[in-house]
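Hello,

Here is the structure I promised to hand over. Please look through it first, then read my notes below.

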Amino acid sequence: MAKIKLGAIVTDMSGKLGGHVFSKNKGGKYMRTKSTPSNPQSSAQMSIRGIFASISSAWSALTESSRLSFNGFVSAYATTDIFGDLRNPSGKNLFQRLNQNLSLTGQTLIDTCVAPESVPFANVDKATGNGALSSLALVYNGDTTGSRMLVFATPSLSQGTRFVKNKLRVIGSFDGSVGGSLDIAGDYVAKFGAIVGGSNVVIGVKVINANGQASPMETIKAVIS
């Protein structure tokens with residue numbers, strides 16, 4: 001569905017409408033013909049869909065007081081949309097969002113919503129990798145004790161690749177601590193295969209607290225030697 005921001009007539013559009021897609025990049029706003037991507041139904045895709053379906057069903061099983069706790073906090077969990085405007089989720093969408101974060105990081109799901117808290121940053125410092133040694137490590141210096149770190153990565157990229165947001169995939173989650181180094185080589189290889197020397201890999205990290213809140217994603221590039 002296309003999103004339209006109205007001014008005197010139209011000031012901005014985003015999304016799909018009919019056979020077209022409205023978007024923008026550093027060159028400005030543009031429209032392109034909509035294409036239908038392939039749906040390989042990979043095991044990772046099916047796992048995410050299974051999590052989503054399970055959490056969606058769990059909403060129906062909540063008590064009325066539990067549902068009201070999520071409905072009552074929707075404004076506190078408002079997010080900024082593509083136009084920079086604040087939007088409140090529905091109570092069900094909030095339940096889905098928080099519990100999906102918890103499920104992805106292996107934490108206990110919640111059936112009662114609480115007020116949002118400050119979520120720590122990992123403060124990612126550097127990422128290093130070596131193709132011959134099949135090594136890939138992430139160094140961070142933030143205090144994420146009591147939370148989990150959800151780690152994303154891209155497949156091997158050429159040196160000239162700049163836009164990577166749509167290429168980041170979850171590869172694993174790790175216990176938070178006071179700074180340190182994460183060995184993510186095994187998780188990376190399980191997801192994408194061999195670590196290729198001479199390529200670039202972009203790593204992303206979100207910190208997920210025990211209430212399901214997520215920090216903004218931090219990204220860093222590892223040049224694989």
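A residue counts as buried under 20% relative accessible area, as exposed over 50%, and as partly exposed in between, with a 1.4 Å probe and protein chains only. By that rule, 37% of the 225 residues of the protein chain are buried.

Some ground rules. This is a predicted model, where local features need pLDDT of at least 70, side-chain atom pairs count only at pLDDT 80 or more, and totals for chains, interfaces and linings use all residues. Residues are numbered from 1 along each chain as its sequence is written, and side-chain values use heavy atoms, with hydrogens and water left out.

The protein chain has four helices and 13 strands. These are DSSP runs numbered from the N terminus: helices are H or I with at least four residues, strands are E with at least two. Two strands pair if DSSP finds at least two bridges between them.

Now the open sheet. Three strands lie in the order S7-S8-S11, paired antiparallel. Strands S7 (124-130) and S11 (178-183) are the edges, each pairing on one side only. Strand S8 (residues 135-143) pairs with S11 over five antiparallel bridges. Asp143 has Val178 in S11 as its bridge partner.

Next, strand S12 (residues 200-208). Eight of its nine residues are buried. Six bridges join S12 to strand S9 (residues 148-153), and the two run antiparallel. Here Met149 stands opposite Val207 in S12. Strand S13 (residues 218-223) is also antiparallel to S12, joined by six bridges. Asn200 has Val223 in S13 as its bridge partner.

Best wishes
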